[in-house]
Amino acid sequence: MAELFTLPVLFGIIYSGIRLATPYLYASIGESFSQASGVLNLGVDGIMLMGAYTGFYVGMTSGSLWLGLLAAAITGLLMGLLMAVISVTLKAEQGISGIGLQLFGLGLSTLLFKLTMGGAISISGFPPVRIPLLGNIPYIGEAFFNHNLLVYFAYLLVPIANFVLNKTTLGLKIRAAGQNPQAADTLGVNITLIRYLTVSMGGLMAGIAGASLSIALINLFQENITSGMGFIAVALVYFGGWKPTGVLLGSLLFSFVNAFQLWIQVKGINIPSDFAVMMPYVLTIFALAFAVKRVSAPAALTKIFERGEN
Amino acid sequence: MKKGSMLVSLLVIVFTLLLSACGSTPEQPVEIEVTRIVAGTPEVIMITPTPEVVEAKPFRVAIVMPSSITDAAFSQSMYEGLLAVQEEMGGPEKMEIAYSEGMFNVPDAASAVRDYASQGFDLVIAHGSQYGSSLQQIAPEFPETSFAWGTSLDTFQADGITNVFAYQAEAQEGGYALGVLAAFMSKSGIMGVCGPVEAGDAKLYVDGFVTGATVQNPNATVQKTYTGSFSDVALMASAAETHIQAGADMLTGSSQSVVGAIGIAKDNGAYWFGTQWDQTALAPETVVASQVYDWTGVIKDMIASRQAGVLGNKSYTLTFKNGGLVIQYNPGIDVPADAKAAVDAAIAGIMDGTIDPLKGPVQ
């Protein structure tokens, strides 16, 4: 056990944890906007898969990773719009249509992968960028300041999302749409427009989350590459109490525990591997059980908005 | 909820299920015929079966596999084995191959197996140890059909079932040989093994690799991880990354989820050792050698047995000795002659019984 508590291992866990949290951050911050306005989008995983596919395919064929990232963002945006049409305009049950969207993304990305690539191909993704000076500090530099651009962006997003949600009129309208849409509507807030905006933005971020896997972290596409990450991202929104900082904490906790269990195995600590692999999930369930009692969800979450009802 | 909203939801579900069915879990098994093989790359065309064309009845084989025919691992090894046997038998007119891929979901796989059996295929292969209990149920319903599954040695004879073949790979043998090679080539003396699920041929391979590496270099550190999944590419990549941070310069791993791990090895200048299929094509500068499963002998014997009236109840094992396991080097990477000699000695020792790939040299 002592070999786990050495500087290289500790900073190794931090390095891996920071990287692993990246796709969760994009996806769950996007989902927080959507949920804050009252729409639960369970299709995040499917959008991530489509983002991962288009990001990879466009990046590979065009030779430009930025073009790939843009394609992933647009794909995510379009799938978010689709979710908005289904859940806001057509007023379908959110949970069910989200699952539908997830299956749609899984099926379509697998089909396109088979048709266009056939098998796994790897590319060079976004390279690590060492931040001057800070990146040269022993251990700390390697762990915190030597990541690729998409990793840095993900963390920059937290204060930005926090600001938009809590300090701007738009943020106030979003929260009003999620807490009391009827009241907000009478005050002239266009609930439909707000929900279209948040769900589409959530989709866009989920698309980028997928691309962060396929062109920045793993640098390949494989069918079902997310293995259910999108569902964890939805859980992290609950965990984070619908606040970007809470989501950050949740993503980091989940990812650090995941990095920790890999190090436990690497260092040959005698714990059954099945148990080690379960750790992050068990922890999330525990944390969820307590976190959800602590804060209250947006009152109108999953509720369809009908003008003039109540 | 407003009237009609449920209807919309249901329509969305039905539509998306339809699409996802097209993608990952085809309900109708895909029928294919292989037209020609150019430089090892199978060119296939999709056709629907046309019984009137069939003159002399071909031997009909169907296979259901967890991942894809291009997974550079378990599924591809069996599919390529079938193609080789088909060519030897005289092409698609003599042997028909149908396959369903991407069947990680066991109930889907079971229904595909049942479909193929009811379509009158001679031999239906359920290529995955997770399919065993389904096969145990299905096989007695189709006593005229031969089934095969692996990796396992259980033909369900104890249940009175006589139409099931079983096959297994002694993956620890190649694991041992590659462990010797990795220990020989490692500069840091640290090696990382990326395991999927701690069971079956994956566990055998991992344990063999650890034994081979530590016998070759008693001071070597062999780190191993399991992700608990055959398909979690992202976690497997993180595991590889952790091995590299912990100083490993030689990596290996088993299952179709290693593609991401191979990429991590490539990005960090580490070497990779493959198993189940030749993985050189995935990263030509990174993959040193692979243990390849050659199922052709097994397939040919199953076909011959069936034609001789024996529908099952036989189990097969791939070993170095029977030629079912082969170490394939990447011609693009220089392996020192003494390292190759050490590998050859290990293989010879395993074949003549002086080396136990899970324990080391027999005293």
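**Ground rules.** I number residues from 1 along each chain as its sequence is written, and chains are lettered from A and ligands numbered from 1 in the order in which they are written. The model is predicted, and local features need pLDDT of at least 70, side-chain atom pairs count only at pLDDT 80 or more, and totals for chains, interfaces and linings use all residues.

**Confidence, chain A.** I looked up pLDDT, the predictor's confidence in each residue, from 0 to 100. Chain A has a mean of 91, and 97% of its residues reach 70 or more. Helices (H or I, at least four residues) and strands (E, at least two) are DSSP runs, numbered from the N terminus.

**Chain A against chain B.** I checked contacts next (C-beta atoms, placed from the backbone, within 7 Å). 42 residues of chain A are in contact with 46 residues of chain B. On the chain A side, α1 (7–36), α4 (94–116), α11 (244–266) and α12 (273–294) each give two or more residues. The largest share, ten residues, comes from α4(A). By class, this side of chain A has 21 nonpolar, 16 polar and five charged residues. Ala, Val, Leu, Ile, Met, Phe, Trp, Tyr, Cys and Pro count as nonpolar, Asp, Glu, Lys and Arg as charged, and the others, Gly among them, as polar.

**Helix pair in chain A.** Two packed helices are described by the angle between their axes and the distance between the axes. Axes are lines fitted to C-alpha atoms, for helices over the stretch in contact, and angles run from 0 to 180 degrees between N-to-C directions. I took α6 (residues 149–167) and α7 (residues 169–179) of chain A: their axes come within 5 Å and cross at roughly 70 degrees. So α6(A) and α7(A) are roughly perpendicular. Angles under 35 degrees count as roughly parallel, over 145 as roughly antiparallel, 65 to 115 as roughly perpendicular and the rest as oblique. A:Val164, A:Leu165, A:Asn166 and A:Lys167 of α6(A) meet A:Leu170, A:Gly171 and A:Ile174 of α7(A). I sorted the residues of this contact into four nonpolar, two polar and one charged.

**Helix α5 in chain B.** I followed α5(B) to two partners. The axes of α5 (residues 171–185) and α6 (residues 200–216) of chain B come within 6 Å and cross at roughly 35 degrees. Their contact has 14 nonpolar, seven polar and three charged residues. The axes of α5(B) and α10 (residues 337–352) of chain B come within 9 Å and cross at roughly 155 degrees. That makes α5(B) roughly antiparallel to α10(B). Residues in this contact include B:Tyr176 and B:Phe184 of α5(B) and B:Ile347 of α10(B). The classes here are twelve nonpolar, no polar and one charged.

Most residues other than glycine have a negative phi, and most peptide bonds are trans. Which phi does A:Leu133 have, positive or negative? I found a positive phi of about 65 degrees, although A:Leu133 is not a glycine. A:Leu133 lies in the loop between β1 (128–130) and α5 (140–144) of chain A. In chain B, the peptide bond from B:Gly150 to B:Thr151 is cis, with omega near 10 degrees. I placed B:Thr151 in the loop between β6 (146–150) and β7 (164–169) of chain B.

Conventions
Two residues are in contact if their C-beta atoms, placed from the backbone, lie within 7 Å.
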